[in-house]
Amino acid sequence: MPSEETVIQLPLSELHPFPNHPFKVRDDEAMRSMMESVSRYGVLTPAIVRPRSAGSYEIISGHRRKHASETAGLEVIPAIVRDMDDDAATILMVDSNIQREDILPSEKAQAYKMKLEAVKRQGARTDLTSPQVAAKFRADDEVAREAGISGDTVRRYIRLTELLPKLQQKVDEREIAMTPAVELSYLKPEEQALIIEAMDSEQTVPTLTQAQQLKRNSQEGGLDRATVLSILSADTPSTVRPPAHPKPPKPEATEDTSPRRERTSHIAEDILRLKDTTKECRCTPEMFLSAFGEYVSRSRREMEVFLIPFYAEIFPALSPEHMAGLQRQISDIHAAADKFYNDVKGRNEDE
């Protein structure tokens with residue numbers, strides 16, 4: 001903290017939210033824990049605010065602390081007042097929140113978009129000597145580097161801002177997986193509305209293969225209601241189960257029969273059957289990867305359990321001629337798995 005900055009007590013009534021703040025303040029378990037802490041000890045970490053031209057202050061970092069303080073019946077909050085332009089304030093606002101574990105995909109999407117636009121404007125200024133002004137500067141790669149993720153990941157999240165709000169909600173609720181959602185983001189708004197209508201009326205969810213087909217039809221001539229229903233009603237790998245192969249008998253004495261182990265065992269068996277079916281050319285590698293991606297998207301916790309151990313066993317089943325076309329998707333899954341594995345390992349060591 002710069003030496004000239006001091007912490008002062010500001011009335012909650014003088015604090016206003018950041019414009020278009022992308023991170024929702026929810027009354028969830030984390031907020032209840034924060035409210036309990038604030039009630040007992042007060043706010044220990046000062047908020048960061050900046051003066052408003054109309055008077056009072058705008059919160060850059062501290063929206064959840066303000067809400068917890070209001071709920072706890074406090075009237076003031078410790079804060080640091082910092083003069084910042086819009087772009088610098090936006091970048092700090094995003095960086096102060098983006099690493100929280102409870103961030104929804106739609107929140108990340110809007111946050112990355114806001115930061116990207118701010119970084120682009122900063123990079124375009126001629127008075128900066130930063131490498132950002134270099135001719136080959138990629139603002140989205142800079143945003144990704146600071147977040148510890150790939151540029152492609154940032155670009156995919158930002159694509160979600162092109163979805164209608166109801167589709168974004170379905171992504172947040174894990175009804176639609178991330179990769180199919182990105183494909184759907186290329187559809188026109190009226191076409192996305194048809195997807196929502198079909199999902200609600202037919203109780204169906206687009207797979208990656210279906211989303212890619214919808215995107216192709218949209219680009220080639222447009223989508224109507226009949227075409228959408230036809231594509232979404234087609235059989236997919238998630239609805240057609242490959243034939244089961246005989247399973248070896250399970251150990252009786254040492255087997256872990258906990259519900260978590262049972263779920264994991266079933267998933268592993270499903271994936272191995274998909275692998276064997278791919279070897280026998282009963283489904284294409286694209287179908288295999290689509291179905292596998294659906295399993296991955298269901299639960300980050302299940303990723304930790306089955307993705308790492310089975311990775312080496314699964315992907316050799318894909319023939320070499322298909323690997324080049326699928327390499328980006330495979331690399332993305334690999335990178336996501338590695339990041340999650342390391343995060344879990346780090347948390348376990350900390351505990």
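The structure is a predicted model, in which local features require pLDDT of at least 70 and side-chain atom pairs count only at pLDDT 80 or more, while totals for chains, interfaces and linings use all residues. Residues are numbered from 1 along each chain as its sequence is written, and side-chain values use heavy atoms, with hydrogens and water left out.

The protein chain contains 15 helices and 5 strands; helices (H or I, at least four residues) and strands (E, at least two) are DSSP runs, numbered from the N terminus. Of its 351 residues, 42% are buried, where buried means under 20% relative accessible area, exposed over 50%, and partly exposed in between (1.4 Å probe, protein chains only). Among contacts (heavy atoms within 4.5 Å) with a separation of 6 or more, 72% involve residues 24 or more positions apart.

The 5 strands form an open sheet of mixed pairing, in the order β1-β5-β3-β4-β2; two strands pair if DSSP finds at least two bridges between them. At the edges, β1 (7-11) and β2 (15-16) each pair on one side only. Strands β3 (residues 47-51) and β4 (residues 57-61) run antiparallel and are joined by 4 bridges; V49 has I59 in β4 as its bridge partner. Helix α2 (residues 63-71) lies across β2, β3, β4 and β5 (76-81), at about 115° to β4. Such angles run from 0 to 180 degrees between N-to-C directions, with axes fitted as lines to C-alpha atoms, for helices over the stretch in contact.

A nonpolar core is a set of buried Ala, Val, Leu, Ile, Met, Phe, Trp, Tyr and Cys residues joined through side-chain atoms within 4.5 Å. The largest comprises 45 residues, and Y112, L160, L184, L214 and V228 have the most contacts inside it. Helix α4 (residues 105-124) supplies the largest share of this core, 7 residues. Apart from it lies another core of 14 residues, including L12, L15, A68 and I77.

Helix α4 also holds K115, which counts as buried at 2% relative accessibility. Beyond neighbours within four places in sequence, K115 is in contact with T90, I91, V94, D95, V143 and E146. The side chains of K115 and E146 are joined by a polar contact of 2.6 Å, a polar contact being a pair of N or O atoms within 3.5 Å; within protein, one must be able to donate a hydrogen and the other to accept it, and residues adjacent in sequence count only if both atoms are side-chain atoms. By its relative accessible area of 37%, T179 is partly exposed.
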